Amino acid sequence: MQANAQMVTQGESAPVLELRNVSRFFGPVQVLFDLNFDLRPGEVHALIGENGAGKSTTMKIMTGYIGASEGEIILDGKPVVFHSAEDAENEGVELIHQEFNLAEQLTVEENVFLGRELKKGFLLDQKTMRDRTRDLLAQLETNVSPRARISEISVPEMQMVEISKALSRNARVLIMDEPTAALTSAEAEVLFKQVDRLRAEGVAILYTSHKLEEVKRIADRVTVLRDGRHVLTAPASDLSEEDMATAMVGREMSNLFPPKRTEAGDVVLEVANMAVPRYVENASFTLRRGEILGIAGLIGSGRTELMEGLVGARAATGTVTLNGEPLRIRNVDDARKAGIVYLTEDRKARGLLLNQGMRQNLTLLALSQFSNVLIDGKAEEAALDKAITEFDIRAPYRDVKVGNLSGGNQQKLLLAKTMLADPDIVIIDEPTRGIDIGTKQQIYEFIHRLAGEGKSIIVISSEMAEVIGLANRVMVMRLGRVAGEVSGEDVNEDTIVKLAMGITSGTNNEV
Amino acid sequence: MKFDLKVWGPIIALIVLCVAGAFMNENFLSAANITNVLSRSAFIGIIAVGMTFVITTGGLDLSVGSMAAFIAGVMILIMNYLIPSMGVTVGVVLIGMAAALALGFVAGLLNGLLITKMRIEAFIVTLGGLGIFRSLVTWLADGGTISLDFDMRTFYRPVYYDGILGISWPIIVFAIVAILGEIAMRYTAYGRHCAAIGSNEQVARYSAVHVDRVRTATYVILGVLVGVATIMYVPRLGSASSSTGVLWELEAIAAVIIGGTTLQGGFGRVWGTVIGVLILSLIGNLLNLTDYVSPYLNGAIQGVIIILAVVLQREKRASR
Ligand SMILES: Nc1ncnc2c1ncn2[C@@H]1O[C@H](COP(=O)(O)OP(=O)(O)OP(=O)(O)O)[C@@H](O)[C@H]1O
Ligand SMILES: [Mg+2]
């Protein structure tokens, strides 16, 4: 209803921020071509496109983080040049980055007010800053202390801190680069409430997401980019999710999930009484050959920590049995040697070396395969060729630093890196975070193919649809414990949510 | 390949230095002078190769100069002690050398374990080591000088002054260490792991790299190389005192940085370090040979070069 009311007034309101014929080159490589679109007050505009289409680059140009190579930015009808992000901020134009921009060693409140600390005379006004931070976080229904260090909080909490930071600045143009990639749908709803409020206050909002149902739900207008080119701009009400996907990918999209696999072999992995201090207690589960096991739960339910404990990335206790043999895993290398690999949810801090090239990143986990005494550079290059084709990694040039790849392409590289170790058991934490819908489909097919080859897969995901669409058996965690397990017909949103929230207790907990 | 200042910078600087030097003094490029400069720079060079691994892994070692003095002192004391029973023989020299290598190994291992297992900052641990080793050698020398037995000195001298085909031993050893170092850094899993840890320790850990082991090994390698350098150094003067090896740590670190290795870690190149060593020693030599600038300003010029090198090699800001 509200969206419709906005629609009517839209025609009248003049754009606040507009791109005219904007192009951008990185060295000789052109990534944006002659882009035109505008943002209007009181309107939520969604910018969508495949990984590497140029969404983040566009947003950075609009907010002064980088310049346009050609074309101009129009603010309130007049051309402007933002020399820096600060210039843009002074005009009330804010960006929330796709990759977090938080100082790890500072507290939440220090981050929220970083660079614009409130002062009382010469001294910092700590109390006001703390109270304001607390209020902002409360608005976002985030239960994290303003005094917690960033390094201690979870990825979705970091996202909420980023959002509070932007909200604290009373922007009139708010640009958000995949703000919901790290959030569950419930958490995203909380964010959207704030978006609705800001829209009603007349803020112009530009946002991007690979979750098209979300775009449909929140956006008034949609602009689609493909390979750096403008494809269309249209009212969201005129586009179905399928239309958006087709425009992004440039071809018809079929079913997102392949048909479910129901058959599974013998038990390969048995985990009993696994405990990770402070996070997980008494977790037990089994995994079968050729099976896709889903793990659901709210953020903070200990899913990630349990798996990190299992693969030796965190201190943990408990017994692990692999193919009937007891297995001791003291570090990630022990797990890798046993054929168990873990793909982290935090690709920036734990997954990839951002200042190194694709080749060094790709082979790091499986480096022993490439070296006797010396590293076989040719074999590495061949592996990179293969990974680029198999995972459809789109890089502007071959020796690009991984930090300069688009977020989704980083994710694909991380997946390729993990698979290069040729594991039997693959644990994937948020497999499609920040990945476009076309690639998502490819990754789901890939996971199925692996299972078909007799590998076992554990998928942790905050996207309910993903767990439900992929897994035939789902373990639900709540508050650091296994809340229950569902399989077959019971794998549906209702049952899983109830378990995750603690409304029902696990019925078929025992396997 | 487009021109990359980060790659060519140190090489160009070295060439410019050689050409300028040749104009200023005709002896500068003579075989005798070059051999002399290279032999003298070999100690720092050998240590700097080890330092390259430490810095690439995101660490630092300030203790190497004092460690060299301490090892030299102990090595001389052991040899002097053995001469009465074993005489001036190859055996005594070999035992002395083995002791030097073993001491370097143990000192490096201690540094490494304190840093990785006790989780103390590398800066702190090795700053402590700098003080401790320096004070130990002063104490061993009773405030004076520890001198090698006179006959032994004559016997051991050739290790510094002789060589094959007119190339002295220190130069040969430096070259071998540098070549092995370059290969290890560039073409082995170990070198890759060092760079990975220096870039992001967490990522390395999640990628099945044995972070503590690799990091400790960098300090052990450096310690052993300090031992090697000492073996070449003792026959030169035949003595050790509290002023032996003073500021070597800074010269070694400077050479590494001039060579293009990043101080925060994540990227290292051994050949760059070799060039860094050459640049630093040729400048000192040139100031001694010519009288345009007082040799007392050597330190100032080196300082300017270090800062300049870092400025020139700084990552170009992501182009706006
Ligand atoms: N600093 C840079 N240097 C070189 N290439 C870059 C740089 N920044 C971005 N690119 C390239 O520009 C293209 C567009 O990247 P961008 O990050 O805008 O994509 P995106 O649409 O945000 O993708 P995603 O959905 O994966 O986040 C990519 O090919 C990327 O590799
Ligand atoms: Mg992006």
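How much area is buried between chain B and chain A, and what share of it do carbon and sulfur atoms give? The area is about 2,300 Å², and carbon and sulfur atoms give 51% of it; buried area is the accessible area (1.4 Å probe) that two parts lose on being put together, summed over both.

This is a predicted model, in which local features need pLDDT of at least 70 and side-chain atom pairs count only at pLDDT 80 or more, while totals for chains, interfaces and linings use all residues. Residues are numbered from 1 along each chain as its sequence is written, chains are lettered from A and ligands numbered from 1 in the order in which they are written, and side-chain values use heavy atoms, with hydrogens and water left out.

**View 1. Contact between chain B and chain A.** In chain B, 22 residues are in contact (heavy atoms within 4.5 Å) with 36 residues of chain A.

**View 2. The salt bridge between the chains.** One salt bridge is counted between chain B and chain A. A:Glu380 pairs with B:Arg192, and their closest N and O atoms are 2.7 Å apart. A salt bridge is a side-chain nitrogen of Lys or Arg within 4 Å of a carboxyl oxygen of Asp or Glu.

**View 3. The magnesium ion (ligand 2).** Its protein donors are A:Ser56 (OG) and A:Gln98 (OE1), 2.0 to 2.1 Å away. Donors are N, O and S atoms within 2.8 Å of the metal (3.2 Å for Na, K and Ca); water is not among the atoms, so sites may look incomplete. A:Ser56 is buried at 18% relative accessibility, and A:Gln98 is buried at 15%. Buried means under 20% relative accessible area, exposed over 50%, partly exposed in between (1.4 Å probe, protein chains only).
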